Amino acid sequence: MLRQLFFTRDRKAVNARKGWYLRLSLVFVVAVIPALARADETAPARDPNQPIDEAYTQKIHKYTTAPHFASPLVDYLPASKTVPTPEAVLGDIAGAPGVLPYAEDVYRYVRLLEKASSRVKVFSIGTTEEGREMIAVAISSEENLKRLEENRARLAKLADPRAIHLDDAEADRVAAQAIPIYYITGTIHSPETGAPTALMELAYRLAVDESPYIREIRDGVITLITPVVEVDGRDRMVDIYRWHLAHPKEFYPWLVYWGHYVAHDNNRDAMGVTLKLTENVLNTYIGWKAVVLHDLHESVPYLYDDTVGDGPYNAWIDPILADEWQMIGARNVADMTKFGMPGVFTHGVFDTWSPGYLMFIAAMHNGISRLYETFGNGGADTEERTLEPEEYARTWYRQNPPLPKALWSQRDNNNYEETGLLTSLHYFNENKRLFLKNFYLKAKRSVMKPSEEGPAAYVLPADDPRAGLQAELLRVLEKQGVEISRAKAAFHVALPAKKEPKPKEGAKEAAKEGEAAKATPAPTTREFPAGSYIVRMDQPYSRIADALLDYQYWSPDDPQKTPYDDTGWTFGELFGAQVVRVTDAKVLEAPMERVGEIRVPGGASGTGAVFAINNTAEPALATLRYRLRDAAIEAAEEPFEANGKKFGRGSFLLRGGKREELDRAAAELGLQAIALTQAPSVKTHPVRAARVALVHTWLSTQTEGWWRQTLDFLKVPYDYISTQTVSKEANLNAKYDVILFPPVGFFSSPTAIVNGLSTAWGNPLPWKSTPETPNLGKTDSTDDLRPGLGWSGVAHLEEFVEKGGVLLTATDTARFAASIGLEQGVNIAPQQRMKIVGSVVRTKLVDATSPIAYGYDETLSAYCDNGPIFSLTSVAGSRRFRRLGSEMHTRPTGRGTISDPDFTVGRPEVEAPEEPKSEVWETPPVTDEELRNGFRVIPPALRPRVIFRYGDAKELLVSGLVEGGEEIAQHPSVVDVPAGKGHIIMFSINPVYRGATRGSYALVLNTILNFDSLNAGRKNAER
């Protein structure tokens, strides 16, 4: 069940990337030798003196579809007279067909365990966006659980070696007494349904089983389990599965909403920490001082320990961690292979480059990150599964591959999950002193970073004009457990000189050694003012700060040709905040103090009837506008000076209203409202609280969820409507001034947006709250997911813009707008060899007078993932050719020099008219020929207005991977296209993404705030 493309997340990604190819690599001896079993290790076998639960065990055998899909660790269940099995809540055993429990059922069971066993404790770790509880279940010996706080204090000394003065001998003593914590998380991806039942049964086994193998785990390790990470999505998934059981002959709806905001991307939030589930797991991991974070996923047959995966590995992990991945992964495969279980492997296509995965919380906090992909059916049906050839092929790293075809059950999946976890837990316990010492060593090496690999610190200057965005960045670091300091006085540091590019071969004699040495730039110094923030690298969690603030480079020549996720994420650039990497260790000697809460000074000051707030592209301005909904606010269309301060374009001018309300709001938002004795003599326009709609398709709500989350965080009100609503709403202008149509993501072709899925066959697929599906339809609802925007919806959007509305599109929806003819003047050029994989690119400001650009500087770093290549034209229906390669010379071959005219024998010289020229990003001038009966010539007032363009090819890359960037270099990245009385705004970049692109949020917010004045500053062509 539920094996369609909508649900099989990683399998889908693997198939899409098509490449279960690998490069042969050496397995480090250091990783293999410790993974070998010792002769005195306890063998996995049940305790013959402990009775088994016969009925439960018989069902294990019944629901396991083949003997080789089980192991000696899970082919029985020990009996207990006092402790209930999962059957007490499920009505059947874990992994039974047709049984998929809600999160509250899982919680009810583990709390029954807690009541029945002193070896189990349940902790609430927070709530989701929709208010559902998240829990962590601790299982260990009664003695260990009695001493949790005492043990936590020991682990804290290893996690922060400064507490023991980096004393290795003391660390050894602490490690000899400490009990490590192995943290397991399940079902972050809601369609991957098997983990909760596997973890229910695992908890029972760890609490009850008296076999030496399990008892050693219980006595030597504290196993911490969060059985359901994405609780909101779990309950919706169970609704769908139960709908499927009630309608066995009908097609069932796909899981269009997982969490409240995002779907699969919830496992990409470990950098920005914007989701509750990430924050709760992060706080639990750090708070418990866990050594391992092991996240369970389902998409690959039959168990892929993809932590080892493939290169390139993240550049900021400690090499010790890479060895630990190899050690545990190799042993995992070895043990399960000896059990005769096919399809267990640890190398594969997954690169461990991005630190955005949930498991990477451990990797970036000196622990061990681990991730399983097992094989799920997307529900609890037992089904015959047929694999693709590359999935069952025998390879060097997968000597016992999965079967080409097999009957597969949820019980089989649970067997693999539990067996993998138990073998890992046992091996971890056998080597816990080594892993605890490594835990300490990684933390110690983090503290010693300034004197080893560097840098010494990152500095965020106190005079950054975007203090609010700076504070947002610092708050992300604080969430990550990073210590922030602030300078009490100005200080100087030495900055290394930038390396000049090496001269090419064949350069002239001028580049001799003496002259080259003379031309070598010397190091410089920089003074930072008092109040500057310092992120010291001599702290335990310096690794995550370094990874987020540094730059990334993925070589186009890297053997890995299919990056698994984003390749660049430099947070300073994406937040629009100034961040300086400092290698000079003297920075650590600057007078500074630790900072608690990050606050930006704000409020109303001075006396006067008009208050001015400078616009520096801070998102808080939009919050202020909607908070002071009744205030009269205008935007200055030109820079001005007042009270000795400079104010940029778009600065707010507030008149009337209550000063105390402004003072309170500005103080909370970190905005400086300065009273002026009189209004500046510059042109202004009103800034009204626009009525906003955010449109989603029913195909995918993944990418638009980040936009919805951002508007909610900023408290910008909006109506959330579907394309089906647009198709039925004839007068959109009556309700809305601005319609945001964020990227769709999956299934985003223009035809898919218009048509949706076919209704010519099958049954309606409802998404609505009913007694049968109580958790669906809360965010939005429909009687049938299949219909799309339809041509009526296209007509309604067109009419909305013609009557003065603003339609904002981005990436695939911008492509949609161009493809169906909603706008005139922007074409989408085809990509040839361009490859920009989730990278940070440089864009250039073209039109500073546009309200969309208010507050921005000459350059802006933005997120791009193979964005559409915009090409402008002045003639409707024509296409401008892209300029590739070097520019042609100014004249053809002929007589004279390059600057001379050619001649024609037997004819007097005729002077050729000068051809009009334009830059790549500009709308080409209209020629005389085009004006002849020029009914296709777009009037100057309706031609596209370029706000930002992509940087030149040589400067395009900021962080990540850019290959073939010359195809998109210099092309428009943000375009304002007038249409009738309204506007269509088109983004080639994605300005709102994963909570990380806060520096480009204001591009969207400026559009909203100035919706009815977007033509301000516009200069039309003469013809």
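**Buried residues and a helix crossing**

Apart from its neighbours within four places in sequence, S722 is in contact (heavy atoms within 4.5 Å) with V695, H696, W698 and D780. The model is a predicted one, in which local features need pLDDT of at least 70, side-chain atom pairs count only at pLDDT 80 or more, and totals for chains, interfaces and linings use all residues. Residues are numbered from 1 along each chain as its sequence is written, and side-chain values use heavy atoms, with hydrogens and water left out.

S722 lies in strand β27, residues 719-722; strands (E, at least two residues) and helices (H or I, at least four) are DSSP runs, numbered from the N terminus. With a relative accessible area of 2%, S722 is buried. Here buried means under 20% relative accessible area, exposed over 50%, and partly exposed in between, with a 1.4 Å probe and protein chains only. The side chain of S722 also makes a polar contact with the side chain of W698, at 3.4 Å. Such a contact is a pair of N or O atoms within 3.5 Å; within protein, one must be able to donate a hydrogen and the other to accept it, and residues adjacent in sequence count only if both atoms are side-chain atoms.

Two loop residues can be looked at next. S190 sits in the loop between β3 (181-186) and α9 (195-208) and is buried, with a relative accessible area of 0%. Leaving aside neighbours within four places in sequence, the contacts of S190 include E230, R234 and W258. L275 is found in the loop between α11 (231-246) and α12 (276-288), and L275 is buried too, at 4% relative accessibility. L275 and H260 are 15 residues apart in sequence, and their C-alpha atoms are 9.3 Å apart in space.

Turning to helices, 7 of the 8 residues of α22 (residues 620-627) are buried, so this helix is largely enclosed by the rest of the structure. Among the buried residues of α22 are L621, R625 and Y626.

Finally, the axes of α10 (residues 212-220) and α16 (residues 410-430) come within 9 Å and cross at roughly 60°. Axes are lines fitted to C-alpha atoms, for helices over the stretch in contact, and angles run from 0 to 180 degrees between N-to-C directions. The angle makes α10 oblique to α16; angles under 35 degrees count as roughly parallel, over 145 as roughly antiparallel, 65 to 115 as roughly perpendicular and the rest as oblique. Residues of α10 that meet α16 include Y213 and I217, while those on the α16 side include L422 and H426.
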